[in-house]
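Hi,

Here is the structure I promised to pass on.

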Amino acid sequence: MPKTSQRKPAAIPAEQTRTGLSVEAIRQAFLDNLFYVQGRFLEVATPNDLYQALAYTLRDRLLHRWVNTVQTYQRTNCRTVCYLSAEYLPGPHLANNLLNLGITENTREALAGLGLDLDVLVGYEEEPGLGNGGLGRLAACFMDSLATLQIPATGYGIRYEYGIFDQEIRDGWQVEKSDTWLHNGNPWEVRRPHICFEVKIGGRTESYIDEQGRQRVRWVSEDAFRGVAVDTPILGYGVHTVNLLRLWTAEATDAFDFQAFNEGDYVGAVMRKVRSETVSKVLYPNDEGETGKRLRLIQQYFFVTCSLQDMVRIHLTTGQPLERFHEKYAAQMNDTHPTIAVAELMRLLVDVHGMGWEPAWNVTTQTLAYTNHTLLPEALEKWPLPLFQSVLPRHLEIICEINRRFLDDMRLRYPYDLERVARLSIIDESGPRYVRMANLACVGAYSINGVAALHTQLLGETVLRDFHDVWPEKFNNKTNGVTPRRFLMLSNPGLSDLLTETLGAGWARDLDRLRELEKHADDPAFQARWQAVKRERKGRLSDYIGRTLNIAVDPDSLFDIQAKRIHEYKRQHLNVLHIVALYNRIKHDPSAEITPRTFLFGGKSAPGYYMAKLIIKLINSVGEVVNRDPDVRDRIKVVFVPDYSVKVAQHVYPAANLSEQISTAGKEASGTGNMKFSMNGALTIGTLDGANVEIREAVGADNFFLFGLTADEVVRVKAEGYRPADHYWGNDAIREAIDLIGSGLFSHGDRDLFRPLVDSLVQRDEYLALADFAAYAACQDAASQVYRDEARWARMSILNVARIGMFSSDRAIREYCEDIWKVRPQEIAAPG
């Protein structure tokens, strides 16, 4: 129970209470915020009151630094990075901000003096539901590194009221529930009602002559609403820099129709408000139907226009002309979602601010850069032209003019290759007409980067080959990275402490220093401490699984983990086939020597992706049978952890022994989970796909379990006419595993339940799971053998961490700054 609070006169000045970092300042500030902000005192405060009071206590200290940061940026008029992303997955803020401020232990002591447990309050925080997976988590890692490296930056996106859905598992099936992450309020954000911009939708365009006699175009919209800024401060680690994550929330320009209300139309009186606020209501609405597609397009335009209007507003306060806009800003488009920025910046410069086309195009093409995150052609967004015209009529005109000028140049370059010119066109006219957003980005951006060496190579050889032929100088690689602050220091404090003891302070801002671990890799005493840290994290995850799922797992077993979005190309079904094959081995010979394993899965399927949901059902169904079969004798456990999130991931990454990175070669752009697992000492079993290639090169081939076809071999196998049935009939383990799944054993006798998955594997197997199965199973056997040699496994684990430094997001951001953005750090002094 909290201690009774006998409030005494503050022993420190009020301004220090608001900003100080001492135990007493934090304790006093916490009590003040509990009393004056929450209107509570300790004896009646709820857990949410206590969490909110502590969050406001930290926010005061962040805003103090943010004001100081902004004043410095204004005084120096420094070049600024603007990161445009439809997703951010920052994870919980409280523990991260405590770490970055360096006051975790002072806060723990301050709360303990009041009878409160810091860890309990940290666990109470809701996770911001602003992203879906790797794309949003990468954006959040980049925001962390931008602030830590003292790079002037603003992240722009959408403040989704309901984020990525909460995942429940009912009878083995994924069930989506609303993610009400804002239901208790969000103490970290600051609403800025004075920073708002009009967002037009639909209507028509009109030509007119302005006062200077110039031909101009006016957009007469059918509807309009406004975007209001909501700011979250992002503090760097060990520095005084606080950048902003500025998210936009949609509001009606006129929220209440008083006349309609007086006439008795009570619903109609608020309909405009409801319709406007729908735009920022949900992350990624289902876009199978026309209405969903329209909403998603409006969402993308909404946050892009608000962000660009905000950038123009800020630039104009410097007194510099818009012709120099690109000297002030480098705007990075994170995937294709924000690429409407090319047309919107042109509209703002030409239509709103009266700039000529050529100077506006010069500014646009020196401001915007494009990061591609996919090799799947279907993921390169394109919009049906009639839909696009109905939502953004002026932008279609601008895109058509960009396209006309661009294709005129391309016809001169390729006069005898009209098919190539058609492929390059921003407008797809091969059938029903579409606007190709990736093509627009390639034409309008000054830089196009992939996110892993293999990915960038394949971009230039496949989906963006024609643009690479035109502008090879635009293409460059920026391999992804992850922040060691959240995914090592916060997630794995035992390992973090061991690293600090061994390497000294400062490694978290210079991950190349991890190389110094190599000289300890063969030291038995160090190996024992290393293994003890891993065992402690595995024990914690085992406790979490037992507490939340009522499944007992052995923390001494090999923790084999695949945690990522559920998709056929990521091949969770290949993993399950191997588990069923192991199960068959045990059933055929109950005394068979099997290295004890806990197979753990985590991840969400897109709500409309039936096959991925069926894979989730299969994982749970196999677990239901295997976990209770007495023949298995706990040598195999299968666990699906529901509602995988950043909070859950912080339990999972540190506990892993083996990291499953088994996507079909040539399909994964990069991956970042692979980096987080390796950073925490897990060994990787994987294909030469995405960043796996570079991880293997970095950690050493001897410290990576490699299997499977290469990207070139995948192309060749498919070109030669791949027949998965040949593998089914030619491999007893494959056939027995698939037949057991089809027999009804894992579906209470229902032989039809998994039939779509079985038929897909045997008849089509688009992602070559059967082709890679034999190599995968052999590689898994090799991993089992190595795990039994504790010293060898420990050495490999240590070397993985020692050589993972290049996969810090700090390295990635330095490369963006040097090669693309041309931005330098701006040192921020300690606030006065």
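This is a predicted model: local features need pLDDT of at least 70, side-chain atom pairs count only at pLDDT 80 or more; totals for chains, interfaces and linings use all residues.

Residues are numbered from 1 along each chain as its sequence is written, and side-chain values use heavy atoms, with hydrogens and water left out.

On confidence: pLDDT (the predictor's confidence in each residue, from 0 to 100) has a mean of 94 over the protein chain, and 96% of the residues reach 70 or more. Residues 4-12 stay under 50, and the model has 13 contacts for them beyond four places in sequence (contact means heavy atoms within 4.5 Å).

Now the spaces. On a 1 Å grid over the protein atoms alone, a cavity is a set of points where a 1.4 Å probe fits but cannot get out, and a pocket is an open set with protein on both sides within 12 Å along at least five of seven lines; lining residues have an atom within 4 Å of a point. Volumes are the space filled by probe spheres set on the points, which are joined across faces, edges and corners.

The second largest pocket holds about 1200 Å³. Its lining has 32 residues, with Ala-95, Asp-119, Val-122, Leu-490 and Pro-493 nearest the centre. Helix 23 (524-549) gives the largest share of that lining, 6 residues. Helices here are DSSP runs (H or I, at least four residues), numbered from the N terminus.

There are 7 cavities of 30 Å³ or more. The largest cavity has a volume of about 180 Å³, and of the 16 residues lining it, Pro-90, His-93, Asn-96, Ala-140 and Ile-234 are the closest to its centre. Helix 7 supplies the largest share of this lining, 4 residues.

Finally, helix 29 (residues 711-719): Ala-711, Val-714 and Val-717 are buried there (under 20% relative accessible area, with exposed being over 50% and partly exposed in between; 1.4 Å probe, protein chains only). They span an arc of only 120° around the axis, so they sit on the same side of helix 29 (the arc is that of the directions from the helix axis to the C-beta atoms). Asp-712, Val-715 and Ala-719, on the other side, are exposed. The buried residues pack against helix 19 (453-461). After helix 29 comes Gly-721, with a positive phi near 90°.

Cheers

Conventions
Helices (H or I, at least four residues) and strands (E, at least two) are DSSP runs, numbered from the N terminus.
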